[in-house]
Structure formats: C-alpha cells, structure tokens
Amino acid sequence: MLTDLEIAQQAKMLSIKEVAEKLNLTEEDIELYGKYKAKIHLDAVKNNPKGKVILVTAINPTPAGEGKSTTTIGLADALQKLNKKVVVALREPSFGPVMGIKGGAAGGGYAQVVPMEDINLHFTGDFHAITTANNAIAAILDNHLHQGNALGIDPTRIVLHRCLDLNDRALRNVTIGLGGKTNGVPREDHFDITVASEVMAVFCLATSLEDFKQRISRMVVAYTYDKKPVTVEDIKATGAVTLIMKDALMPNLVQTLEHTPALVHGGPFANIAHGCNSVLATQMAMKLGDFVVTEAGFGADLGAEKFLDIKCRMADIKPACVVIVATIRALKMHGGVAKEDLSKENVEALQLGIHNLEKHIENIKKYNLGYVIAINRFGSDTKEELEALEAWGKKNHHPIALSDVFAKGSLGGIELAEKVLEVVSKDEGKFKCLYDVNLSIKEKITKICKEIYGASHIEFTQTAKNQMATMKKNGWDHMPICMAKTQYSLSDNPKLLGRPEDFTVTIRELKPSIGAGFIVALSGDILTMPGLPKEPASEKMDVVDGKAVGLF
C-alpha cells in the first residue's frame with residue numbers, strides 16, 4: 001500500500017473556493033492562503049448553531065495505534081457519502097509529534113485531510129503566532145524587570161514559561177539574562193512546548209476576538225514580592241498580543257481526500273492541556289453543517305473528559321453522540337501482549353483488554369450520552385478476533401461497527417456512519433457535566449480521579465495543598481479542572497495498562513490558568529516539554545526532486 005504521504009500527494013483536490021461554496025461561503029468570507037487553504041472571517045457566518053456534534057474519542061492509546069483522527073475523517077466522509085451536510089473539525093498538528101515519534105494529525109490512508117504536507121508543517125502560521133505571542137509576553141515581562149521593576153515582581157515567582165513548538169528537552173530548565181547588566185536580569189526560566197502554553201488554551205477556548213483579548217488580559221504571569229498576582233494587563237501586553245493573534249483566530253478551511261470541508265484550528269495536547277480544537281472552529285462548523293465530527297485527544301479519560309467538562313461547559317455545546325475508537329491490536333496490548341507479538345492471533349488477550357474499553361464506555365455513560373464503538377480495522381486482525389469482539393458487543397448490547405476507512409475511505413465507514421445516525425436520532429439532550437464547578441478544587445479532582453480513572457486513593461503533595469489554599473484565597477477555586485496525566489494508562493503510571501484497580505493518583509502541583517479559565521492539576525511524571533526519541537521521525541524527512549519524502 002502507498003504511504004500516507006504518497007496517497008496525499010496523488011490526491012486531486014478541489015480549489016478551496018469550491019470547498020467554501022459547498023458551505024455557502026463566498027470569496028468575501030474567506031482569506032486565501034494559496035489555492036487549497038483559506039481562513040474564514042469570524043463574521044462570515046451569523047446564523048445560530050444547529051449542527052449535531054459527534055465526538056470521536058478512544059481507549060487509552062498504545063504504540064499499536066488506534067487511528068482516532070483517521071476514524072474522525074473517515075466518518076465525516078461516510079456521512080457525506082450518505083448525502084449529509086457535514087463538516088469535520090480537527091486540531092492542527094504540533095511539530096513535536098511530527099518531528100518526534102507520534103506523527104501528525106491529518107489522518108491516514110484514504111481518510112486524510114489535505115494538503116497534508118502543509119497541515120503537518122507550517123500550515124497558515126497559527127502555531128508560529130501563538131509561539132510569538134507567548135514569547136512577546138515573556139520579553140515584555142523581562143524588560144519590565146530590567147527597566148526598574150515598578151510592579152515589584154519577584155523574579156523567583158515568574159510562572160509564565162517561554163515556549164517553542166518542538167520537542168527540545170534541553171530547554172526545560174534554563175538560565176537567562178547572563179552577560180552583564182545590559183542583557184537583563186539573571187534568573188531561571190523554562191520552556192514549554194507551544195501546545196502546552198496558556199496562550200494556546202486561550203486561543204482554543206475564546207469565542208471571539210474580544211473574548212480572546214479579555215482572557216489574555218487576565219493571564220497570570222508572575223507574583224510580586226508580597227505574593228500578589230501580576231497579569232498580562234498589568235505589564236501592558238494585552239493589545240500587542242491580541243494584534244499578533246488577530247489573523248490566527250480565524251478558523252482554517254481545508255478538505256478531506258473526498259472533498260468534505262474541514263476546519264483545522266488549534267492544537268493543545270490532551271495529556272498536558274485540554275486537547276480539543278478551537279471553540280471558534282467548532283461553533284462555526286455547527287453553523288455551516290448539519291453534522292460536525294470532531295475529536296478529542298488521546299483516550300476518553302483525557303481528551304473526552306476535558307471536551308465534555310471544560311469545552312462543552314464553556315461553549316454551551318451539547319454532543320449528540322460519542323464514538324469510541326478501539327483496535328484489536330491495542331486491546332490485545334491492554335491484555336498483556338507485547339508489541340512484537342501483536343500480529344499473532346490471541347483471543348484470550350483481546351478479551352482481557354476489553355476491560356479498558358468497558359471503562360471508557362462507563363465513563364461516557366456518566367455524561368448521559370449515546371455512543372458507538374468503532375473497531376478500526378488493521379490487516380493483522382483475524383476472523384476469530386473480530387467475531388469475538390462483535391460477539392462481546394452484541395452480548396452486552398453495545399452498538400459496535402467495523403471501520404475500514406484507512407483502506408477504503410468513506411466506503412469503509414458506511415456501517416459506522418449509519419449506527420452513529422441512529423444514535424443521534426435518539427439523542428434526548430440530557431447531556432450533563434461530571435461535576436459542579438462550585439465544588440472545591442480537591443473535590444473536583446477527587447471526582448475525576450475516582451469516577452473517570454477508577455482510582456481508590458488520591459494524594460496531594462504539600463506543594464499542591466499550599467497552592468489550593470492560595471487559589472482559594474485569590475478566588476480562583478470555582479473553575480473546571482484540566483488534568484495533566486499520562487495518556488497510556490487510566491492511572492498516573494504509564495505501565496499500568498488494561499483496567500487497573502486499587503491504585504493511587506498523586507497530584508504533585510497545581511497551576512492556575514486564569515485566562516483559559518481552568519486549573520491544571522499535574523500528576524505523575526508528566527512533562528510540559530517532551531523530548532525526542534532515540535530515532536526521531538525527522539531522520540527520514542527530506543526533499544527529493546522538489547517533493548517532500550519521509551513525512552509518514
């Protein structure tokens with residue numbers, strides 16, 4: 001089979017003007033970025049949202065692969081094949097995974113968004129704008145220190161980190177301002193990957209340019225010597241940051257291989273941020289289509305929980321259906337099979353791994369949402385394994401569909417699309433969030449850890465306890481929680497696969513993201529600046545005869 005890149009390079013794309021016309025958008029409604037990409041003006045669509053939102057999530061990811069983005073795109077194409085007016089809403093890929101090990105976020109096989117090369121590389125420059133905006137705040141902050149520090153900022157209590165959209169572990173902890181008085185005030189600093197920055201979170205949760213401006217203005221960047229918070233507005237950086245981000249806030253319009261309109265915008269990680277595409281793009285998609293297929297990062301314990309408890313709460317979105325993606329390979333890995341043995345038939349391990357899937361189903365039910373299980377087919381899946389999984393679904397009354405969109409495009413997703421439409425038609429609008437934001441920080445975290453992860457105990461370090469007290473004192477305790485946790489396990493230990501029991505989640509640190517409007521709770525050894533693997537994907541990338549090679 002051709003590689004993802006070869007399939008994408010052979011695609012015959014419509015001009016982006018033609019894609020816009022499918023959504024009843026005129027040339028005045030869009031800003032062209034070449035022939036196949038455009039941004040949509042924020043005031044282009046004014047009617048009330050009506051599109052039914054279909055959320056695609058998954059079991060806990062494994063190195064065996066789940067194909068959540070691929071399923072999302074393939075499902076949208078299949079709905080279009082069934083003559084539904086559909087828009088797919090996705091996140092933008094980060095250079096970290098693209099250059100590292102995980103890969104891009106443009107789908108795979110015959111279920112991709114294109115132009116794939118552009119989307120996985122610089123695209124329309126949104127991530128560069130976010131990086132620049134974040135680092136502009138940092139530069140203005142350090143200049144304030146250098147110019148006399150009128151606000152009395154304590155250099156040891158600066159909480160804003162610089163950022164870079166790459167996996168660069170050497171920048172996690174750095175010293176800046178060396179070389180004498182003219183080079184600034186010496187202090188320790190840190191870098192996060194851009195997708196973990198609060199600017200990215202604000203970008204993805206803002207509902208308008210003005211809302212973005214207000215959120216940015218209240219971002220806490222430091223504390224004074226008497227421990228009072230210092231905001232972006234205090235250092236007079238709000239206007240400049242809003243100006244830098246003005247164009248980036250417009251959602252990006254592209255297309256799938258089958259010309260389904262796609263809005264690709266924003267890209268926070270789900271293990272260290274809230275893991276969903278922008279509210280602006282999702283709400284615009286709801287106005288442009290009758291159905292919106294979107295995804296949330298990693299497993300349902302991370303991306304879906306944050307989509308439902310943070311994004312839906314803030315944007316007043318009520319999903320009509322959830323698709324839970326699983327693969328035979330990943331389920332066998334959760335059942336104890338080593339990666340090198342996944343091609344061997346093992347029905348017993350598959351049945352053990354199903355316990356992980358069952359937990360995610362239970363979690364979705366807590367939100368009063370209907371669901372469909374999508375089995376993303378791999379060539380190594382055997383007839384016996386597929387029959388065993390389908391028999392389990394039938395026995396337990398779980399709607400389940402085989403998805404073969406990677407190999408067959410929309411035709412491989414018709415069964416899934418039909419089952420999704422059936423669930424959507426029964427949607428009773430009883431969606432509810434897991435917790436009340438007015439609960440204490442400790443109560444909210446405990447509810448997530450016990451009900452979504454299945455933890456038996458939750459421990460808070462003394463640092464976390466002190467931070468909770470400070471947040472309550474500052475009036476920041478009535479906000480949603482954004483958990484930072486390993487994606488590989490329901491627990492905070494990446495080695496505990498399947499459905500672990502009787503485990504403890506340790507909350508080591510809490511960070512207020514006042515602009516985004518949530519509190520980040522860090523557990524385990526989660527890092528906000530990942531590192532590259534021993535053999536990064538970048539080693540295979542090149543340009544040969546003017547064409548990209550090695551990009552998946």
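## Helices α11 and α17

The crossing of α11 and α17 is right-handed; a crossing counts as right-handed if the near helix is turned clockwise from the far one by less than a right angle, and as left-handed if anticlockwise. Helix α11 covers residues 300-315 and helix α17 residues 441-453. Helices (H or I, at least four residues) and strands (E, at least two) are DSSP runs, numbered from the N terminus. The two pack at an angle of about 125 degrees, with axes 11 Å apart. Axes are lines fitted to C-alpha atoms, for helices over the stretch in contact, and angles run from 0 to 180 degrees between N-to-C directions. α11 and α17 are therefore oblique to each other. Angles under 35 degrees count as roughly parallel, over 145 as roughly antiparallel, 65 to 115 as roughly perpendicular and the rest as oblique.

From α11, Asp 301, Leu 302 and Glu 305 meet Ile 448, Ile 452 and Tyr 453 of α17. Contact means heavy atoms within 4.5 Å. By class, this contact has 4 nonpolar, no polar and 2 charged residues. Ala, Val, Leu, Ile, Met, Phe, Trp, Tyr, Cys and Pro count as nonpolar, Asp, Glu, Lys and Arg as charged, and the others, Gly among them, as polar.

## Basis of the model

This is a predicted model, in which local features need pLDDT of at least 70, side-chain atom pairs count only at pLDDT 80 or more, and totals for chains, interfaces and linings use all residues. Residues are numbered from 1 along each chain as its sequence is written, and side-chain values use heavy atoms, with hydrogens and water left out.

## Helices α8 and α9

Helix α8 (residues 209-217) packs against helix α9 (residues 238-245) at about 140 degrees, and their axes lie 9 Å apart. That makes α8 oblique to α9. Their crossing is right-handed.

Leu 209, Phe 212, Lys 213, Ile 216 and Ser 217 form the α8 side of the contact. Thr 238, Val 241, Thr 242 and Met 245 form the α9 side. These residues divide into 5 nonpolar, 3 polar and 1 charged.

## The three-stranded sheet

An open sheet of 3 strands runs in the order β7-β12-β13, with antiparallel pairing. Two strands pair if DSSP finds at least two bridges between them. β7 (153-158) and β13 (229-231) are the edges; each has a single partner strand, so one side of each is left without a neighbour in the sheet. The twist averages 50 degrees from one strand to the next.

β7 and β12 (residues 220-224) are joined by 2 bridges. Ile 153 has Thr 224 in β12 as its bridge partner. Helix α6 (residues 126-146) packs on this sheet, touching β7 and β12, and its direction makes about 135 degrees with that of β7.

## The four-stranded sheet

A second open sheet holds 4 strands in the order β20-β22-β23-β21, with mixed pairing. Its edges are β20 (457-460) and β21 (481-484); each has a single partner strand, so one side of each is left without a neighbour in the sheet. Neighbouring strands are turned by 35 degrees against each other on average, direction ignored.

β22 (residues 504-513) and β23 (residues 518-523) run antiparallel, joined by 6 bridges. Glu 509 stands opposite Leu 522 in β23. α11 lies across β21 and β23, at about 170 degrees to β21.

## The whole chain

The protein chain has 18 helices and 25 strands. Its radius of gyration is 23 Å, close to the 24 Å that the globule rule gives for 552 residues, so the chain is as compact as a globular protein of that length. The radius is taken over C-alpha atoms; the rule is 2.2 Å times the number of residues to the power 0.38. Along its principal axes the C-alpha trace spans about 70 × 55 × 50 Å.
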